[in-house]
Amino acid sequence: MDSFKYKIKREREESLRVARKLIKRGVFVHDAKRLDIRGDLVCGGGVEIDINVIIEGRVVLEDDVKIGASSILKDCRIGRGTIINPFSLIENASVGNNCRVGPYGRLRPGTKIENDVQIGNFVEIKNSNILSE
């Protein structure tokens, strides 16, 4: 049990270290202690990350992206100016520029959202390309 506690403590310390680095680079993190980074996070300028967000795998957030509270991002790319509303899950998907997802949106593996698209509340998408009008 002690090794499990040690592993969790190390993960928390590493996540906090990465969050502080992001803050120094200009990312607005609402609460560094409530951000879990379990992979590689790349952020552009003007990025905002709310509380209780989980990052896993490789996640790229381009300029002016906003991630809402309690969202989970796994191996995804989020385009410039996009807002991911609270409680959304994005996994192995890409989202274009100036999009809106959720709240409670779920983008499953193989989903590609083009620029200027809105994905509403409680919508789940898998293996699809969503084009703007």
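Modeller: The buried residues of helix 1 pack against strand 2. Contact here means heavy atoms within 4.5 Å, and buried means under 20% relative accessible area, with exposed over 50% and partly exposed in between (1.4 Å probe, protein chains only). Helices (H or I, at least four residues) and strands (E, at least two) are DSSP runs, numbered from the N terminus. This is a predicted model, in which local features need pLDDT of at least 70 and side-chain atom pairs count only at pLDDT 80 or more, while totals for chains, interfaces and linings use all residues. Residues are numbered from 1 along each chain as its sequence is written, and side-chain values use heavy atoms, with hydrogens and water left out.

The buried residues of helix 1 are Ser15, Leu16, Ala19 and Leu22. An α-helix has 3.6 residues a turn, so residues three or four places apart point the same way. Helix 1 covers residues 2-24, and its end C-alpha atoms are 33 Å apart. That agrees with the 33 Å that its 23 residues should span at 1.5 Å a residue, the expected span being 1.5 Å times one less than the number of residues. Just after helix 1, Gly26 takes a positive phi of about 105°.

Gly39 is partly exposed, at a relative accessible area of 42%. Leaving aside neighbours within four places in sequence, Gly39 is in contact with Ile55 and Gly57. Gly79 is 40 residues from Gly39 in sequence, and the two are 19 Å apart in space, C-alpha to C-alpha.

Next, the cysteines. A search of the whole structure finds zero disulfides, a disulfide being a pair of cysteine sulfur atoms within 2.5 Å. Cys43 is in no disulfide, and the nearest cysteine sulfur, that of Cys76, is 11 Å away. Cys43 counts as partly exposed at 23% relative accessibility, whereas Cys76 is buried, with a relative accessible area of 5%.

Six strands form an open sheet in the order 1-3-5-7-10-13, with parallel pairing; two strands pair if DSSP finds at least two bridges between them. Strand 1 (28-29) and strand 13 (118-119) are the edge strands, each pairing on one side only. Within the sheet, strand 5 (residues 66-67) pairs with strand 7 (residues 83-84) in the parallel sense over two bridges. The bridge partner of Lys66 in strand 7 is Ile83.
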